[in-house]
Amino acid sequence: MNVKNTFACMLLIALLAVAGRAQEISPFLLGQNHWMADGDEGRVGYLHELWDKVGESGVQTIRIGGNGYQQLFPESRELDEMIDRIKAAGAEPILQVPSTFTEFQAKALVERYSKNDGRDVMLWSIGNEPFLHEEFTLEEVHAYIVRIGTAMKEVNSEITLFVYDAAWMQREQFQSLVGGELDVCGLKVGDAWLVDGLTFHSYPNGTEFGREDVTLGGPNKIEGDMVALKEMASAADEQFGRTGEDKLLWGLTEVHVTYANPDREIAGYGNTSFLAGQFIAEVFGNGMKHGATLVNQWCINETDAVKTDFGYIGLPGEFYPRSTYYHMQLMSQHMNGMYLSSEDSEELLKVFATEGDDRVAVLLMNQELGRTIPYSLRFDGDSADGEGVAIRVHSDLAFDYEDTIEAQMTELLVFGKEGKLLERWRYGLSHALTYQKPELVE
């Protein structure tokens with residue numbers, strides 16, 4: 001697989017779409033993080049028991065990264081097994097090279113995973129959250145990106161390299177590295193660009209937050225950060241003449257509701273809640289909307305402490321999938337092709353729409369605590385007639401649909417291009433509380 005050619009095709013399709021209203025969806029968008037394997041940081045992990053479930057989630061990329069693997073990088077045999085399992089699950093690995101690696105170590109790693117009997121790795125990154133505890137200066141980050149990135153591209157110029165996995169959207173640092181005084185985006189290694197994409201992390205809530213921070217504050221902050229990074233990338237593309245498949249990619253390689261999970265209340269608003277699934281789905285949806293390459297939630301399973309319980313798969317021994325799992329699965333199974341822009345007037349009714357070859361999918365999330373919302377959905381972008389909230393989807397299609405959606409409910413509607421409702425999936429708080437999967441309504 002040539003990742004850059006994939007994105008060149010995506011760009012061509014996007015140019016043929018309705019200007020400003022449609023966006024090709026990255027085939028690598030819906031992501032996870034490889035955490036936590038048994039023994040990582042001396043802790044008990046269950047990842048080895050979960051790979052069937054991981055594959056069934058529809059995950060598209062899995063990052064081998066984060067602070068744990070920055071500090072203690074897996075040995076070759078262990079890394080082979082990780083990559084094999086990721087690929088067997090139907091996902092592409094993203095491999096993080098520690099910022100402490102020498103040029104020799106970096107070259108050896110890329111050589112090992114280039115043209116290697118099905119273990120080829122095309123998505124790479126360097127380092128993890130270098131400014132979180134001020135371990136590095138900006139000059140030192142620039143130096144290790146150039147040093148390690150050059151060594152990697154000298155071995156294989158076809159790899160896709162992301163930097164710098166910022167702990168949050170640190171705009172001043174990005175502005176310096178992306179076209180500024182310590183730029184890395186205009187540098188080349190031979191005929192290849194040194195850097196192919198830009199990434200950051202986001203846990204918008206800390207130890208004290210409320211429901212509104214999960215439904216509005218957090219998603220709005222992340223979307224604003226997405227737009228800011230996208231604009232920086234576009235400015236650098238123009239500055240350095242990067243066009244077509246050479247345009248800078250961008251994404252989030254870690255994201256969740258909070259870095260300090262408060263509890264395991266499914267009806268609450270922490271990482272393990274039903275609401276967290278809607279939060280992650282909204283981040284995925286905004287990634288589709290703005291053209292992100294990657295959005296990788298943290299993480300598959302981490303259950304040994306409440307505060308660090310981020311997993312989309314729950315506690316041992318049942319290992320029930322959580323809301324974050326089922327929201328990803330619904331989107332992976334039904335939302336592909338082109339993202340279609342939409343508008344509605346209801347703050348807590350979130351809507352995302354996509355158009356594939358023969359189907360249109362609409363994801364609706366009612367985040368009201370106790371209010372059923374009637375709505376009228378229209379697909380030509382004109383004002384919707386009928387009862388309830390008017391939802392307008394910009395497309396070349398022309399049909400409408402009316403219904404209601406219950407409080408604390410997610411629904412995914414699948415239509416044929418002629419407007420016939422083919423499938424209606426429901427997944428709400430009541431399903432999550434009883435560990436039920438999404439329901440196909442007859």
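Reader: How many aromatic pairs does a search of the whole structure find?

Author: The search gives 19 aromatic pairs. This is a predicted model, where local features need pLDDT of at least 70 and side-chain atom pairs pLDDT 80 or more, while totals for chains, interfaces and linings use all residues. Residues are numbered from 1 along each chain as its sequence is written, and side-chain values use heavy atoms, without hydrogens and water.

Reader: What makes phenylalanine 136 and tyrosine 144 an edge-to-face pair?

Author: Rings of Phe, Tyr and Trp (its six-membered ring) pair if their centres lie within 6.5 Å; planes under 30 degrees apart are stacked, over 60 edge-to-face, and the rest tilted. Phenylalanine 136 and tyrosine 144 are 5.3 Å apart centre to centre, with 70 degrees between the planes, so they are edge-to-face.

Reader: Why is tyrosine 144 called buried?

Author: Buried means under 20% relative accessible area, exposed over 50%, and partly exposed in between (1.4 Å probe, protein chains only). Tyrosine 144 has 3%, so it is buried; phenylalanine 136, at 24%, counts as partly exposed.

Reader: What makes lysine 188 count as lying over the face of tryptophan 193?

Author: A charge sits over a ring if NZ of Lys or CZ of Arg is within 6 Å of the ring centre and within 35 degrees of the ring normal. Lysine 188 lies over the face of tryptophan 193, at 4.5 Å from the ring centre.
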